[in-house]
Amino acid sequence: MSTFRKGEIEPREEKEEMEIDLGQLLSVILKKLWIILLAGFTVAGIAFLVTKLLVTPIYESSTKIYVMSKQAETTGMTASDLQTSTLLTKDYQQLITSRAVLNQVIEDENLDMTYQELLGAVTVNTPVDTRIVEILVSNPDPKMAQDIANSVRTVAADHIQKVMDSQAVNTVDEANLATHPSKPSILKNTVIGGLLGIFLAIGIVVIIFLLDDRIRSVEDIEQYLGLGVLGSIPIMTEEKKKKNTKGNNRYNSSKRGQKVQKSQASGKIEPQRKKEV
């Protein structure tokens with residue numbers, strides 16, 4: 001247990017929550033604005049170079065099919081049939097990505113891929129309130145993506161007809177040959193990198209500001225120590241000391257020069273006595 005003698009100043013207990021001066025914090029951020037912007041441009045440049053040079057571009061090719069049931073072929077399409085067919089599109093998704101279909105595609109196209117690898121490259125979408133199924137294939141080679149998409153469509157059509165006993169699976173769109181990569185987006189990654197760099201720099205500036213507990217002004221003494229300030233003593237820097245030393249040397253040298261001039265002047269004024277013969 002610590003004790004304090006009479007005359008000593010007892011430190012103020014830190015029971016109050018730390019207050020943040022938003023004005024001062026904003027001032028600090030504005031002073032460091034050039035560093036914040038520099039960090040943003042730097043991280044954006046790094047993101048651009050990494051995306052451009054190190055990330056492999058991926059191309060996508062899509063094809064669409066339309067599944068026709070036997071009942072719709074014989075009795076015509078009703079609202080109930082359309083609703084039922086729409087619900088069946090989820091079944092088509094599972095059939096298209098089944099092992100039977102994808103393993104057959106790997107064999108037909110002589111792909112150096114496993115079932116799991118090809119499954120990760122194939123995406124099946126079903127637009128709302130339609131019976132159309134879209135097959136999307138991603139690959140670093142745009143021609144390979146097109147060939148795989150066409151092969152998946154062909155094999156899946158035969159598999160759906162066998163399993164679902166469908167009348168026909170018609171092709172809506174052939175697989176396209178992509179001319180531009182779908183990902184990564186260089187612009188998107190660059191913008192995200194720039195914003196990340198700016199927010200990271202602001203966070204570092206704020207943390208340094210909050211951790212800085214140095215007393216800088218009279219207001220800080222009154223706020224954090226609870227003491228009244230009677231006066232302040234200016235601190236002389238080394239540069240000011242050098243200037244004052246030079247000024248004092250000049251002053252002293254000028255004083256000495258004045259004394260020499262006075263002594264010389266007094267010597268001239270003093271009359272000289274003639275020697276008696």
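Ile 65 stands opposite Val 133 in β3. The model is a predicted one, in which local features need pLDDT of at least 70, side-chain atom pairs count only at pLDDT 80 or more, and totals for chains, interfaces and linings use all residues. Residues are numbered from 1 along each chain as its sequence is written, and side-chain values use heavy atoms, with hydrogens and water left out.

The pairing of strand β1 (residues 59-68) with strand β3 (residues 132-139) is antiparallel and runs over 8 bridges. Here, strands are DSSP runs of E with at least two residues, helices are runs of H or I with at least four, and both are numbered from the N terminus; two strands pair if DSSP finds at least two bridges between them. Tyr 66 has Ile 132 in β3 as its bridge partner. Strand β1 also pairs with β4, again in the antiparallel sense, over 5 bridges, and there Val 67 is partnered by Val 169 of β4.

Taken together, 4 strands make up an open antiparallel sheet, ordered β2-β3-β1-β4. Because β2 (122-125) and β4 (168-173) stand at the edges with a single partner strand each, one side of each lacks a neighbour in the sheet. From one strand to the next, the twist averages 25°. Helix α7 (residues 142-164) packs on this sheet, touching β1, β3 and β4, and its direction makes about 20° with that of β1. Contact means heavy atoms within 4.5 Å, while angles run from 0 to 180 degrees between N-to-C directions, with axes fitted as lines to C-alpha atoms, for helices over the stretch in contact.
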